[in-house]
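Here is a short briefing on one protein chain. Please keep the sequence and the model in view while reading.

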Amino acid sequence: MRPRRPATANLENPLYYLQNMETVVAWVASHYSDLLLRSEQEFLDEFFELSRPARALLTRMVMRTGDSFRADKLNYPELGSPESDALEELITRRWLNADPLLTLDDIFRLFTLTELRTALSPVLEQAGLVKNLPKARMKEVLQEFCTDARALSDWFDDVASPVVRVSHMALFDRIRLMFFGNLRQSWSDFVLVELGHHRYEQVEFTPESRAFSQRSEVDSYLAMHHCRESLDAGVPAAEVWADIPAAMNNPWLTSRRDRLLLELGRQAERQGDRELALQALRASGHREARLKQLRLLERLKRFEEAWAIAARWGNEELSDAEAQGLSRIVKRLAKRVGEPVPPATVHPAIREFTLSLSQTGGLVEVVVRDHLSTPEAPVLYVENTLINGLFGLLFWPTIFKAIPGAFFHPFHTGPADLVREDFVSRRQALFDECFVALKNGSYRQKILDTYAAKQGITNPFVVWPALNEELLNLALDRIPAVDLQVMFERILLNIREHRSGFPDLIRFSTQIDEDKPGYEMIEVKGPGDRLQDHQIRWLHFFARKGIAASVCYLRWQDSEAIT
């Protein structure tokens, strides 16, 4: 039986965060029951057996930083009953440890400077230290004397506020991972939002589309997360290298491993271990690792090796940014290995024009739009929204295809693997079908039907307030299918880079003329502004493909507009 779509919480309910937490727990318990140990499944079942105040208090604690808390700081009026009752229930049911061992870091996080000075005065006196040290300095000097974890009563002679620790935080982290698909997002990213505020595409979740098919895959993700935390903490890359999980037969986890290896390579180079850096970068399939590997080989003066790799990569399909970076490296390497320097890429000229207008104080894009627009050739301010919107509407079923690693829960605004290198290859057949629609002319009705059927549903390419039926019809009338195809193909080449950088304005011609394009895109630059690299790359692309595009440089004048 497939898990039903969970209910969403309402912010008018003071315990809305609990309702959202219950959604997470129930979803994972149902959707991934076979990947949970029996003891874990029992604890999740017991979660729903707790009283409502106890569930709410536990949720509040799980949401907060750390796993240990002072009982006197757990004050939540919305619980509807004394916190002490909920606290006692959680202790009795083994969700909380009432006497945890606390490290120096724990007590410095939980207690005030005044409390610490009183509690630690014997240690300070024994070490010959004054009691009025600042908190950070006191902690620093005590690291040498307080290396073990102790019970609270061993830290404080007088009974301080009780401290409790969540007993199953690792289980909650596992649940969080299996629901979100990452550990970057905190609980508050989910349980403190009104899920009903957005409409989400109803992706069909099946056993075959699950991101994790085996418990070992969850374990591998957790191991990679630990490795990344170690790198961030400054642990030597050589030590972390030994803990990197082996390659796995799971495309989206492989992608995460590639990113981890890329970061390990960076850290190894910073730490002076260049051979390990090369090894990690070679093992990484991340697109950034390729250029970094070549640059490192250059620094090691292994020019022949770098040249052979660069020559091989030069025959592959690259994004504009990759091609630009590779071209620069190849130019340097050619001189080192005695090969002819490849001819520089000659880009077609970018069309430019200047407008001198009276200063009005409005946005420069709006000023130029209003000046250029006429009934026969209306100009609209669309920037990245129009082409991306047409893309999102045409490829909607492909974008929301439920494949492993794409969707983890029913509240995604888009696939989790959207900007990974294998996003297109894993859906190639579906993308090909949509490109057939551009060739046979059926794309227009597909786009309009999707616009009508999916109105308001979140999509990473569609900004609904920027689109309307009139604009879509005008664009589909005036932009040839062949132009849409080449623009869509470029977006897919590198979604992270290429879904931005489109010109600000689009001018449509309402007069049908076979000798003139039905539209023109215009980038607007005000005084002192200049083109960004990703904008230049789009403009060069338009020029190569014969797509009408230009840059308007706006200058202010005191007199009336010069046309």
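The largest nonpolar core of this predicted model has 149 residues. Within this core, F212, L390, M487, F488 and F542 have the most contacts. Helix α1 (residues 16-31) gives the most to the core, with 9 residues.

**Nonpolar cores**
- F542 is in contact with M487, F502, P503, M521, I547 and A549, leaving aside its neighbours within four places in sequence.
- M487, one of these partners of F542, is also among the residues with the most contacts inside the largest core.
- A second core of 20 residues is separate, and its members include L104, V123, L142 and L152.
- In soluble globular proteins, nonpolar side chains tend to be buried together.

**Helix α15**
- Helix α15 covers residues 274-283.
- L276, A277, L278, A280 and L281 are buried in this helix.
- These buried residues pack against three helices: α13 (237-241), α14 (251-270) and α16 (287-299).

**Largest pocket**
- The largest pocket has a volume of about 1,200 Å³.
- Its lining counts 44 residues, and N182, R184, Q185, R256 and R259 are the closest to the pocket centre.
- Helices α11 (188-191), α12 (215-232) and α14 each supply at least two lining residues.
- α14 gives the most to the lining, with 7 residues.

**Open sheet**
- Five strands form an open sheet in the order β4-β8-β7-β6-β5, with mixed pairing.
- β4 (351-358) and β5 (379-381) stand at the edges.
- Each edge strand has a single partner strand, so one side of each is left without a neighbour in the sheet.
- From one strand to the next, the twist averages 30°.
- β5 is joined to β6 (residues 505-508) by 3 bridges, and the two strands run antiparallel.
- Y381 stands opposite L505 in β6.

**K401 and its loop**
- K401 lies in the loop between α21 (396-399) and α22 (428-440).
- Its relative accessible area is 40%, so K401 is partly exposed.
- Not counting residues up to four places away in sequence, K401 touches A406, F407, R427 and L430.
- K401 and L101 are 300 residues apart along the chain, and their C-alpha atoms are separated by 48 Å.

Definitions and conventions:
Residues numbered from 1 in each chain as written. Predicted model: local features only at pLDDT ≥ 70, side-chain atom pairs only at ≥ 80, totals over all residues. Heavy atoms only, no water. Buried < 20%, exposed > 50% of the residue type's maximum accessible area, 1.4 Å probe, protein only. Helix = DSSP H or I, 4+ residues; strand = E, 2+ residues; numbered from the N terminus. Contact = heavy atoms within 4.5 Å. Pairing = 2+ DSSP bridges. Axes fitted to C-alpha atoms, helices over the stretch in contact; angles between N-to-C directions. Core = buried A, V, L, I, M, F, W, Y, C linked by side-chain atoms within 4.5 Å. 1 Å grid on protein atoms, 1.4 Å probe; cavity = no way out; pocket = protein on both sides within 12 Å on 5 of 7 lines; lining within 4 Å. Points joined across faces, edges and corners; volume = space filled by probe spheres on them.
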